[in-house]
Amino acid sequence: MPSPEQPNMSHTPEGILEQLKQRQFAPVYFLQGEESYYIDLISDYVEQHALQEHEKGFNQVVLYGKDVDVSTVLLQAKRYPMMSEKSVVIVKEAQSILDIEKEEGMRQLEAYLQHPLPSTILVFCYKYKSLDGRKSLAKAVNKHAALLTTKKLYDNQVPAWVTAYLRSKGMKATQPAVVLLSEYIGSDLSRLANEIDKLLINLKPGATVDEGLVQENVGISKEYNIFELQSALIARDALKANRIINYFEANPKSNPLIPNLTLLFSFFTKILTLHMQQDKSEQGIRKSLGNRGFLVKEYMLAMRHFPLQRCTDIIHFVRVADLQVKGITGGDMSDSDILRELVFKVLHPVPRALPF
């Protein structure tokens with residue numbers, strides 16, 4: 001087992017989980033950062049598996065940061081286990097501990113980190129932020145605890161994560177299904193994992209998740225969704241675009257405007273980026289699209305229909321629509337009116353004002 005002074009624990013979620021499964025426990029885990037999914041994944045594993053069920057009653061404590069100070073946490077951590085080799089103390093929402101960033105609280109915690117009780121597994125779930133690396137507490141945590149710092153995935157990293165998650169469940173997926181999940185749900189890993197788990201409930205091991213299955217189970221209408229609207233805009237099909245807007249208007253809870261604007265902004269920004277790259281051949285565009293490579297024909301059509309300057313204008317229109325839906329401008333326009341106006345501007349270029 002690693003010594004308290006230098007716990008030989010991996011600083012990746014996968015590494016920490018693997019060592020937990022091998023029952024190699026560090027005295028202190030400090031899980032921090034913007035991405036809460038891995039923090040929950042590791043703390044839940046400790047809560048569920050570190051002790052046997054009959055040991056938990058006397059030896060497992062779950063605290064919440066807003067209800068405790070550092071001394072209360074350490075009082076629990078310094079208790080010896082009863083009829084068990086280990087005791088577990090989990091501090092959820094540890095970023096809210098009353099005095100964790102105050103001098104006395106930091107001093108107490110640093111002292112414990114230097115000499116932790118070997119029989120205790122102490123887990124801090126410090127969500128949505130990280131300790132100030134310039135302060136002594138951050139240095140002590142880095143030296144004496146199993147430290148994990150998580151970051152939000154960039155949008156272009158999400159498809160690879162989805163593919164890896166499905167593979168870990170013994171499943172496969174078509175590229176369109178992966179892209180649909182990634183773009184519709186976004187980079188919220190907790191929500192992504194939850195939606196994927198729901199998809200897999202009735203599937204046999206080794207099955208393939210396809211686009212139809214995603215549409216059927218994630219609440220995406222097969223004909224009326226933001227991706228179909230995007231395709232209608234590329235094809236300059238005003239009739240289809242307005243049918244989709246009417247559907248959105250009739251089903252506002254399933255089609256909130258702000259996430260849809262985010263997807264449209266991302267799409268036209270990508271078209272703008274493709275216009276600016278040197279290699280505009282089909283092969284060059286496919287390479288730039290990466291996970292979306294199977295959509296190369298659609299993107300090349302979009303480049304023809306929306307030249308560089310038009311893309312710049314459309315991105316501006318999307319920004320204006322975003323301000324309108326947030327109530328900053330636009331008066332009392334409804335979401336459907338805002339989207340209808342945006343689509344009109346996309347499909348009908350407005351002549352630029354001549355300089356005086």
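In which sense, parallel or antiparallel, do strand 1 and strand 4 pair, and over how many bridges? The points below answer this and comment on the rest of the model.

1. Basis of the note. This is a predicted model, in which local features require a pLDDT of at least 70 and side-chain atom pairs count only at pLDDT 80 or more, while totals for chains, interfaces and linings use all residues. Residues are numbered from 1 along each chain as its sequence is written, and side-chain values use heavy atoms, with hydrogens and water left out.

2. Confidence. The average pLDDT (the predictor's confidence in each residue, from 0 to 100) of the protein chain is 91, and 95% of the residues score at least 70. Over residues 1–9 the pLDDT is below 50, yet this stretch has 24 contacts in the model beyond near neighbours in sequence. A contact means heavy atoms within 4.5 Å.

3. Strand pairing. Strand 1 (residues 28–33) pairs with strand 4 in the parallel sense, over 6 bridges; glutamine 32 has tyrosine 126 of strand 4 as its bridge partner. Strand 3 (residues 87–92) also runs parallel to strand 4 and is joined to it by 5 bridges, with isoleucine 121 of strand 4 as the bridge partner of valine 88. Two strands are taken to pair if DSSP finds at least two bridges between them. Helices (H or I, at least four residues) and strands (E, at least two) are DSSP runs, numbered from the N terminus.

4. Crossover. A right-handed β-α-β unit is made by strand 3, helix 5 (residues 103–114) and strand 4. Right-handed here means that, with the strands pointing away from the viewer, the path from the first strand over the helix to the second runs clockwise.

5. Strand 4 (residues 120–127) is largely enclosed by the rest of the structure, because 8 of its 8 residues are buried. Buried denotes under 20% relative accessible area, exposed over 50%, and partly exposed in between (1.4 Å probe, protein chains only). Both faces of the strand are covered: one side carries Thr120, Leu122, Phe124 and Tyr126, the other Ile121, Val123, Cys125 and Lys127, and all are buried.

6. Isoleucine 314. This residue is found in helix 16 (residues 308–325) and counts as buried because its relative accessibility is 0%. Not counting residues up to four places away in sequence, isoleucine 314 touches Phe268, Phe306 and Val346. Its C-alpha atom is separated by 40 Å from that of leucine 131, which lies 183 residues away along the chain.

7. Salt bridges. The whole structure contains 18 salt bridges, each defined as a side-chain nitrogen of Lys or Arg within 4 Å of a carboxyl oxygen of Asp or Glu. Glutamate 183 and arginine 292 form one, with the closest N and O atoms 2.3 Å apart. Since glutamate 183 lies in helix 8 (residues 175–185) and arginine 292 in the loop between helix 14 (282–289) and helix 15 (296–305), the pair ties together parts that are 109 residues apart in sequence. Both glutamate 183 and arginine 292 are buried.

8. Further charged pairs. Lysine 66 and aspartate 67 form a salt bridge with the closest N and O atoms 3.3 Å apart, and both residues are exposed. Glutamate 228 and lysine 240 form another, at 2.8 Å between the closest N and O atoms. Glutamate 228 is in helix 11 (residues 226–234) and lysine 240 in helix 12 (residues 238–250), so this pair ties together parts 12 residues apart in sequence. Finally, Glu249, Asp337 and Arg340 are linked in a network of salt bridges.
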